[in-house]
Amino acid sequence: MDVIQQRIYSPFILMVCFQLFQVGAALEMGAHHYIADWGLKVSLSDLINGSASFCIYGGQHIQAIALRKRGVPFLRCPDFSKGILHGLIDMIAIVGDLFLLVVTIFQPVLYSKLGRAGSVIVFIPSSGVAGIISTFRLWQNLGPNKYTFWGASLFLAFALCGVVANFLYEATCIEVIHAAIASSFACSVISFSVALWHAELPGPDVSSDEVIKGVARQIKLWNGYLLSVKVKDD
């Protein structure tokens with residue numbers, strides 16, 4: 001925890017997000033119990049589901065903000081001193097943080113106006129933005145090293161698997177798909193925890209070019225591994 005405190009904006013808010021996810025999961029299970037025999041065949045907007053929506057989606061928004069680099073002001077001008085690419089990335093981070101904060105603040109209002117079915121049209125894309133921002137911050141702001149890279153990458157990959165499984169369930173209403181949904185998000189949290197566990201103390205500043213080269217290097221290593229496995233199978 002001492003290392004994490006030196007790396008990210010607020011470990012306390014990050015822990016609060018974890019609690020929100022647990023409460024949201026409990027509320028969601030409660031909503032399932034009372035709606036269509038544990039299913040989602042009936043789209044009902046009520047206090048239980050609204051609270052679950054705020055805990056789950058709001059927690060993802062705030063999580064991305066909590067993983068911001070320590071000591072960087074929330075409201076600031078983009079820093080182009082290290083190059084155009086670095087400045088553009090900084091600008092995206094600034095706009096993304098403001099967007100997530102605004103959506104979280106107005107989330108109860110949006111849910112009350114749009115209902116369960118309408119609000120997810122806003123919250124799913126916003127949580128997707130939060131997931132992408134969290135992935136890069138988990139990798140870079142707690143490392144970068146191979147554990148934070150793969151932990152962050154698998155965190156996003158398993159979360160996307162859960163989203164796909166959820167859409168599949170809503171289209172088919174096959175209850176056993178719940179197992180795939182729950183397993184995907186559980187594996188996502190485990191991957192996130194692996195990255196947290198291997199957080200390192202701050203090192204020298206890394207330029208945007210070096211970050212891109214690092215991503216390309218990891219992809220190249222992964223492609224080489226897949227190729228070697230394919231050759232063995234042949």
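Me: How many salt bridges does a search of the whole structure find?
Reply: The search finds three salt bridges. Keep in mind that this is a predicted model.

Me: Why would side chains pair up like that?
Reply: Side chains of opposite charge can pair when their charged atoms come close.

Me: OK, arginine 68. Which side chain does it meet in a salt bridge?
Reply: Arginine 68 meets aspartate 97. The N to O distance is 3.2 Å.

Me: Where do those two sit in the chain?
Reply: Arginine 68 is in the loop between helix 3 (47-66) and helix 4 (84-105). Aspartate 97 is in helix 4 itself. They are 29 residues apart, so the pair links distant parts of the chain.

Me: Is arginine 68 buried or exposed?
Reply: Arginine 68 is buried. Aspartate 97 is buried too.

Me: And arginine 76, what is its partner?
Reply: Arginine 76 forms a salt bridge with aspartate 90. Their closest N and O atoms are 2.8 Å apart. Arginine 76 is in the loop between helix 3 and helix 4, and aspartate 90 is in helix 4.

Me: What does arginine 76 count as, buried or partly exposed?
Reply: Partly exposed, because its relative accessibility is 22%. Buried means under 20%. Aspartate 90 has 13%, so aspartate 90 counts as buried.

Me: Back to aspartate 97. Which arginine in helix 5 does it pair with?
Reply: Aspartate 97 forms a salt bridge with arginine 137. The closest N and O atoms are 2.9 Å apart. Aspartate 97 lies in helix 4 and arginine 137 in helix 5, so the pair ties together parts 40 residues apart in sequence. Both residues are buried.

Me: Which residues do the shared partners join into one network?
Reply: Arg68, Asp97 and Arg137.

Me: New topic. At what angle do helix 5 and helix 6 pack?
Reply: About 165 degrees, with their axes 7 Å apart. Helix 5 covers residues 107-141, and helix 6 covers residues 146-172.

Me: So are they roughly parallel or roughly antiparallel?
Reply: Roughly antiparallel, because the angle is about 165 degrees and the cut-off is over 145. Helix 5 passes helix 6 in a right-handed crossing.

Me: Which residues meet there?
Reply: From helix 5, they include Ile124, Gly131 and Trp139. From helix 6, they include Phe149, Leu156 and Phe167.

Me: How many of the contact residues are nonpolar, polar or charged?
Reply: Nine are nonpolar, five are polar and none are charged.

Key: Residues numbered from 1 in each chain as written. Predicted model: local features only at pLDDT ≥ 70, side-chain atom pairs only at ≥ 80, totals over all residues. Heavy atoms only, no water. Axes fitted to C-alpha atoms, helices over the stretch in contact; angles between N-to-C directions. Helix = DSSP H or I, 4+ residues; strand = E, 2+ residues; numbered from the N terminus. Parallel < 35°, antiparallel > 145°, perpendicular 65-115°, else oblique. Left-handed = near helix turned anticlockwise from the far one by under 90°. Contact = heavy atoms within 4.5 Å. Nonpolar A, V, L, I, M, F, W, Y, C, P; charged D, E, K, R; others polar. Salt bridge = Lys/Arg side-chain N within 4 Å of Asp/Glu carboxyl O. Buried < 20%, exposed > 50% of the residue type's maximum accessible area, 1.4 Å probe, protein only.
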